[in-house]
Amino acid sequence: MPDNEYLLLTPGPLTTTKRVKAAMLRDWCTWDRDYNGLVQDIRARLVTLGAGRAEGYTCVLMQGSGTFCVESVIGSVIPQGGKLAVLTNGAYGDRIAQMARVLGIETAVLDSGELSPVSPGELEELLRRDEAITHVAVVHSETTTGMLNPIAEVGAAAKKYGKTFIVDAMSSFGGIEMDMSGLHIDFLISSANKCIQGVPGFGFVLARTEELKRCEGQARSLSLDLYDQWDTMERQSGKWRFTSPTHVVRAFHEALKELEDEGGIKARFERYTENQRTLSEGMEAIGFRALLDPSVQSPFITSFYYPDSPDFTFLAFYEELKKNGFVIYPGKISAAQTFRIGSIGDIHPADMRRLVRIIADVTGGTAATAAATRN
Ligand SMILES: *Cc1c(COP(=O)(O)O)cnc(C)c1O
């Protein structure tokens with residue numbers, strides 16, 4: 001039996017290795033030194049990946065999917081009377097603004113539209129105008145389109161005005177080198193099942209320790225209290241407050257060692273970049289067009305326009321690819337008809353070449369016709 005029926009070319013969960021999956025074939029108790037030591041090692045490794053040798057950073061692991069972690073940050077770090085500025089250009093940025101509204105946090109939204117990067121210039125203007133703003137939040141890789149946002153410039157603007165800077169780096173962390181100190185990031189959020197290549201079940205927050213210490217007692221939720229979760233992990237050396245996803249944690253630890261064996265984030269970034277390049281060049285050669293300009297395209301996920309054929313339906317296309325061993329992702333934007341293909345996980349350029357050949361086969365003449373019409 002093959003390891004997998006199909007490769008997941010989605011933005012999470014991803015295709016993981018046998019090594020990572022095998023780590024889940026044992027049951028683990030949650031309170032002894034072995035397990036807690038593993039949790040501490042995970043936290044230390046994550047801090048090193050995000051902040052290198054810089055002092056003053058810490059890590060909290062949190063049960064649930066990535067969204068739970070974002071919500072734990074939004075609900076715990078903005079004090080009563082604080083105000084959040086959200087820069088958005090897609091569904092995940094919009095989700096942060098929605099969370100803030102649900103939690104009763106005053107919010108200012110800067111929406112640059114799905115097809116443009118967020119604007120650090122507009123943020124500066126807003127921060128000059130509105131002194132009530134205390135926090136700034138942005139998505140790094142906006143999975144809605146595949147766009148990489150200019151977080152260095154956004155961080156510089158936030159820093160210039162002394163604001164706390166929150167980054168949803170869900171679909172980028174582990175797949176691209178990031179230095180929290182240089183980027184002025186106070187809180188960075190990601191999850192187990194994205195570029196670190198673990199399985200779903202928890203997420204993590206990297207934080208500037210000084211900033212996190214100020215969050216005691218201000219959470220708007222008990223289970224998503226970021227400070228309390230951190231405090232317990234610190235004081236009890238790797239203990240989670242409530243039942244931890246033990247198998248998932250074990251698999252994640254293996255995934256971190258696997259990342260190191262691959263050559264670290266730099267090597268993984270190169271593989272993902274090569275995957276994405278192979279995919280987009282191959283797709284273009286058979287007549288498909290990518291949604292984004294290469295200058296803002298991330299190496300993680302790519303949106304393609306539907307071919308111009310009236311016969312094309314996403315569902316039939318999807319089913320045909322699935323039969324041939326690949327699962328892709330529907331589009332999510334309102335401005336155009338698109339589908340998305342992820343290039344992260346245990347995926348390699350040869351997989352992308354095989355995928356493109358199959359797409360050429362299953363679309364028959366349609367993509368080629370589309371190309372001919374444009375030329
Ligand atoms: C995957 C993802 C999330 C979290 O989504 P969940 O479904 O809750 O895991 C948040 N932001 C971005 C940019 C993502 O790609």
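Salt bridges between domain 1 and domain 2: the count is zero. Keep in mind, everyone, that we're looking at a predicted model here.

Now let's step back to the layout. Domain 1 runs over 18-261 and domain 2 over 264-374. Taken over C-alpha atoms, the centres of domain 1 and domain 2 are 29 Å apart. As for who touches whom, 26 residues of domain 1 are in contact with 24 residues of domain 2.

How much area do domain 1 and domain 2 bury between them? About 2100 Å², with 61% of it on carbon and sulfur atoms. If you have the structure open, please look up E114, T145 and Q197 in domain 1: these lose the most area to domain 2, and together they make up 22% of what that side buries.

One last item, this time from a record. An unreviewed UniProt entry carries the annotation "domain: Aminotransferase class V" over residues 69-304. In our model, the chain over residues 69-304 is 40% helix and 18% strand, and the end C-alpha atoms of that stretch lie 30 Å apart.

Thanks, friends, and I'm happy to go back to any of these.

Notes
Residues are numbered from 1 along each chain as its sequence is written. This is a predicted model: local features need pLDDT of at least 70, side-chain atom pairs count only at pLDDT 80 or more; totals for chains, interfaces and linings use all residues. Side-chain values use heavy atoms; hydrogens and water are left out. Domain bounds come from an automatic or database domain assignment. Contact means heavy atoms within 4.5 Å. Buried area is the accessible area (1.4 Å probe) that two parts lose on being put together, summed over both. A salt bridge is a side-chain nitrogen of Lys or Arg within 4 Å of a carboxyl oxygen of Asp or Glu. UniProt positions are given in the numbering used here, feature names are shortened, and annotations may be inferred rather than shown by experiment. Helices (H or I, at least four residues) and strands (E, at least two) are DSSP runs, numbered from the N terminus.
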